[in-house]
Amino acid sequence: MKIDKAEVIVTSPDRNFVTLKLTTDDGLTGLGDATLNGRELSVVSYLADHVVPLLIGRDAHNIEDTWQFLYRSAYWRRGPVTMAAIAAVDVALWDLKAKAAGMPLYQLLGGASRTGLLAYGHASGKDIPELFDSVRSHLDQGYRAIRIQTGVPGLRAIYGVASNVTSAGNTGKRYDHEPAQRAPLPVEEDWDTRAYLTHLPGVFEAVRNEFGPSIPLLHDGHHRMTPIQAAKLGKALEPYDLFWLEDCTPAENQAALRLVRQHTTTPLAIGEVFNTVWDYQTLITEQLIDYVRSAVTHTGGVTALKKILEFAAQYQIKSGMHGPTDISPVGMAAAMHLGLAIHNFGIQEYMKHGEATNRVFEQSFSWNDGMLHPGDQPGIGVELKVDEAGKYPYQTAYLPYNRLADGTVHDW
Ligand code: CS2
Ligand code: MG
């Protein structure tokens, strides 16, 4: 099974997606997601200019060898662009191997360890009534676990708050800035950590009073706090029994989590911007986190993320794979197969893609009663409709960024 053709396909149905499509000499095709939100074209160039020429003629069965070859031979290791490119090759090869075997990918990863994957969705509102509407709409859609984000009094649009909560379920447009703003310059938002820390515990109190103690609730701090602020927030949220507090500090400083951990029993999730096991070394070996947030798409593919999650499992740390709409249906499918197979699955983030995206990517996963299942098609179960994809050319898009009241740039 030799690789005959490798194409990098860019399409922008609801937002930009980068997909690698491999075709073998026996006519099988495999897909990998290489989407790096807001920096998509760098990965396109990395793949098309530097990786595609290396793939032609290679044995598509040798996944581990190809991974090691791409990682080690580049000399310049790690980084989001490199690891997204390697991830795309890796997932496309797993798709091919599973198709050649006539099995869904999860079977090759050890078979199913569960019947389905608990998923969480994103509820948000500029104020509490709007947030409650959004929570109700997510419960109506079957979600059994819900992330809670709200506006903060005095601040304009902020991270994670949808512009139109009632339709947030199925538009693919979650927030004011989503899809990553299709504009030549990034949108500026404002931020005030003190106002946020004062406001948030009351929001969780209101949600627990309204919706009861049993529903798992999550929150994303999006890297905006210092360690001591994060420790304070984790402590303040303890009465509301969160499933997790995500990205409470900028996670490149792993040691910062020691301080947070000493002060709070609120479970911690980190890692959507990480790209190798080295980003987790201290966090895992010192048990400073409870959930690994890495996506297959940004962490070198199934081959690499499976190893990270097996390492984490030795420390009772579980998976909580990143699954916003900027992970394409190809990346989501790979995550579902991996999540079904590993022992230490925790939860899967799941936001529905928009209709145009679903027309471009034909999918075979199921969503029933708050649980995802990747389906039983051979491979990962996603096919790219090239004609549909061609209708949506790339559009310049940026993520927003934020500044404090005095104009200082803050962490996004
Ligand atoms: C977020 C993402 O899903 C999450 O937890 O942090 O929405 C993130 O902002 C985007 O994926 C950035 O590309
Ligand atoms: Mg996040």
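Asp220 and Glu272 are both buried, that is, under 20% relative accessible area with a 1.4 Å probe and protein chains only. The model is predicted, so local features need pLDDT of at least 70 and side-chain atom pairs count only at pLDDT 80 or more, while totals for chains, interfaces and linings use all residues. Residues are numbered from 1 along each chain, ligands are numbered from 1 in the order in which they are written, and side-chain values use heavy atoms, without hydrogens and water.

- Asp220 in strand E7 (residues 217-220) and Glu272 in the loop between strand E9 (268-270) and helix H9 (281-285) are 52 residues apart, and the pair links distant parts of the chain; helices have at least four residues and strands at least two, as DSSP runs.

**Second largest pocket**
- Because domain 1 (3-103) and domain 2 (117-378) both give residues to the lining of the second largest pocket, this pocket lies between them.
- Among the residues that line the second largest pocket are Trp67, Arg72, Trp278 and Lys307; a pocket is an open set of points on a 1 Å grid where a 1.4 Å probe fits, with protein on both sides within 12 Å along at least five of seven lines, and lining residues have an atom within 4 Å of a point.

**Sheet**
- Three strands form an open sheet with mixed pairing, in the order E6-E17-E18, where pairing requires at least two DSSP bridges between two strands.

Technical notes: Buried means under 20% relative accessible area, exposed over 50%, partly exposed in between (1.4 Å probe, protein chains only). Domain bounds come from an automatic or database domain assignment.
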